[in-house]
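Please work through the following exercises with the sequence and the structure side by side, trying each task before reading its solution.

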Amino acid sequence: MKANCWEGKKKVRVETVPDPRILNDGDAILKVTSTAICGSDLHLYNGLIPSMQKGDVLGHEFMGEVVEIGRAVKKLKVGDRVVVPFPIACGQCTMCHEKLFSLCENSNPNAWMAEALWGHSPSGLFGYSHILGGFAGGQAEFVRVPFADVGPIKVPASLRDDQVLFLSDIFPTGYMGAEMCDIKPGKVIAVWGAGPVGQFAIASARLLGAERVIAIDRFDYRLKMAREKAGATQTINYEEADVHEALRDLTGGRGPDACIDAVGAEAHSHGISYAYDRTKQALMLETERPIALREAIRACRNGGIVSVVGVYGGLIDKFPMGSLMNRGLTMRGGQCHVHRYLEPLLGHIERGEIDPSFVITHRMRLDQAPEAFELFMRKQDNCEKVVLSA
Amino acid sequence: MEARNDQTRNDQSKLRSPALGGANGAALTVSTRPNGEPRQPAQPRRTARASNPWARGLGWFSIGLGAAELLAPATLARLIGVRDTSRNRNVLRALGTREVAAGVGLLLPRRPGRLLWSRVAGDVVDLALLGGALAFDRRTKSNRAALALAAVAGVTALDTWASLRRQDEPDDDSAALTRATARRDKRKNARVPVQAVVTIQRPATEIYAFWRDFTNLARFMTHVRSVDVKDRLRSHWSTSVTGRDTLEWDAVITDDRPDHLIAWRSVADADFDHAGEVRFVPAPGGRGTEVHLKMNVLPPAGALGKAVGKLLHRVPEEVIGADLKRLKQLLETGEITRSDASIHKAPHPARPSGDDEQSDV
């Protein structure tokens, strides 16, 4: 089959690789009908996530048709059309029982690697380095899905791929980012990053009843989408205005009640602090550029919440701990526990309360994946989200 | 709160079963040592670095200075006021080699005591050479050389002090102690306790029963090929570390408390001489059972065995930790989780593997 493989920093290539096989009795094999490139794939592309190997199949946002099932699979049958959550969860361990699916204790065969880096291991993820399991991803014609009775959700034929594909990651991820903000009527939420996850965080904050949502980015086309499609009430272009000042003005001097970091490890900025982080990163003195996170912590109102759904991999520098502690902030974060959001969010889509396809700007073929990565990374042609299909 | 957790951990580490600790461990079994030598409690794990921070500091200093002498003898010569001649450069290079060797020796885990004295001896040589240059070579820049001489004298004092201090420290690794003890004691000192723990969302009864049927162990222990149960207490183990080698031994159960503990040890002439125990402790908050696995590995006798043993010692804790994770997967999900990369023994890209690659599955 054809698959999009990581070949090194800034290099992916569509190669012919063997078809996946059933390796565990709980597996299913899907014929992928739609798959997408995630912002977090760019961290892999840019070589920020350790333990990638030449030839790894990428992709953790995908959906398709079941073509084969293992002996133990009970809920799925051949022919079912399903969307698959990007974290792999067994459904049996204590974490899964507590619905903390992205922290499943049994799905990462390389848990020892993650323990060495992070202290304890989270769940395995599709197509996301060997630290997170070494599972082949879904930017391919076929993909193996472990624990097929636990993750995949069947989707009705009345909904197009475009409308349900993002249940695999970015819609639930944005939703969890908003949910962690304890939104109540009257709340003001600020969202750093108007990429795909940011758009869904904005839309979800509105769904959850936030009164105002402020989007922060540097690309006008993304801020326009945030206002017109996702429901942001205000936007700040950080290349034109000082974010801290602008947020103060927009919130009567209080600061937002909650701040969502939908940027993660590769924030852009300008001026000295950006040069500082680029330099430290180049010298391997820190692994990330936490500019958005620092800004979010400083901007948040006293006693507010900072919700982190942007992906980080290692260590950051100049973390404003004094601001967080003295002003009584709460910080929350995590890889999304996608499984627990599938049904409620599918419900929102079915009732027409949201159509997640609004983020799609480019539709390409799987064999155009290398081109699509470049386009998405360079934000050329007003690129927001690329969907690939066979 | 944290202090209390630490306390609990300490208390647990103090708990030693008879099988690992006291002389009554052999109660259930045939004595495996001709002289009935009781097993000693597991010794605290040794750190892999020299324990004395002074020795470590001086070690790094030696390497730094040695590197400078080796790589930039001319610059160094000018710095200390000695003439930059090819002879002086060669002397500096020779001294650099000695410094690097002494430094590496000091950073290795064993016996920095003697090596610290080697630094003192080296300092004396340095003092003599510098003094000679100052006294007999008129082209030496005397104020720079005098400064260098003072610096070396200071370092000599520090080295002497560290060496003397080192001698006062009780150290079961020290040369004197090793020489003074019998060969068997040496083997006993080389015994390395390894342990691992995992929490499994299953009742202790179930996990105990699964483990007690030793044939199940081959299902989740990477290196165990098969276990033949001979009778209620005895079993025969066949393992392989590389896939081509074979290590075999007979084991005998030394303690067996249903739902709580199983302890065993290898019988005489085992390829893998060890004692082990697994304890099943209810986890708080209805989270199932904590499985504590502890093993004391005794490397084979003889120099070769010791060398092999040293290599083996580094592996087991990771190996048995991963083994326990697989046991958890097996008991909680019914299977051992495989990924596209993990079905290969060697590093392999995360992509499906073809038929030709399946041999090592």
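**Exercise 1. Asp259(B).** Determine whether Asp259(B) is buried, partly exposed or exposed, and locate it in chain B.

Solution. Begin with the relative accessibility of Asp259(B), which is 27%. Next, apply the cut-offs, by which buried means under 20% relative accessible area, exposed means over 50%, and partly exposed lies in between (1.4 Å probe, protein chains only). Asp259(B) therefore counts as partly exposed. Its place is the loop between β4 (247-257) and β5 (261-266) of chain B, where helices (H or I, at least four residues) and strands (E, at least two) are DSSP runs, numbered from the N terminus. Finally, look at the backbone: although Asp259(B) is not a glycine, its phi is positive, at about 70 degrees.

Before going on, note that this is a predicted model, in which local features need pLDDT of at least 70 and side-chain atom pairs count only at pLDDT 80 or more, while totals for chains, interfaces and linings use all residues. Residues are numbered from 1 along each chain as its sequence is written, chains are lettered from A and ligands numbered from 1 in the order in which they are written, and side-chain values use heavy atoms, with hydrogens and water left out.

**Exercise 2. Asn382(A).** Describe the phi of Asn382(A) and the place of this residue in chain A.

Solution. Asn382(A) is not a glycine, yet it has a positive phi of about 50 degrees. In the chain, Asn382(A) lies in the loop between α13 (369-377) and β18 (386-389) of chain A. Its relative accessibility is 45%, so Asn382(A) counts as partly exposed.

**Exercise 3. Two helices.** Find the angle at which α5 and α6 of chain A pack, and describe their contact.

Solution. Helix α5 (residues 170-179) and helix α6 (residues 196-207) of chain A pack at about 55 degrees, with their axes 7 Å apart; axes are lines fitted to C-alpha atoms, for helices over the stretch in contact, and angles run from 0 to 180 degrees between N-to-C directions. This angle makes α5(A) oblique to α6(A), since angles under 35 degrees count as roughly parallel, over 145 as roughly antiparallel, 65 to 115 as roughly perpendicular and the rest as oblique.

**Exercise 4. Leu76(A).** Which residues does Leu76(A) contact, leaving aside its neighbours within four places in sequence?

Solution. Leu76(A) sits in the loop between β5 (61-69) and β6 (81-84) of chain A, and with a relative accessible area of 6% it is buried. Its contacts are Val66(A), Ile69(A), Val82(A), Ala148(A), Asp149(A), Pro152(A) and Lys154(A). One of them, Val66(A), is 10 residues away in sequence and 7.8 Å away in space, C-alpha to C-alpha.

**Exercise 5. Salt bridges.** What are the accessibilities of the partners in the salt bridge of Asp255(B) and Arg257(B)?

Solution. Side chains of opposite charge can pair when their charged atoms come close. A salt bridge is a side-chain nitrogen of Lys or Arg within 4 Å of a carboxyl oxygen of Asp or Glu, and Asp255(B) and Arg257(B) meet in one at 2.8 Å, N to O. Asp255(B) is buried at 13% relative accessible area, whereas Arg257(B) is partly exposed at 37%.

Technical notes
Contact = heavy atoms within 4.5 Å.
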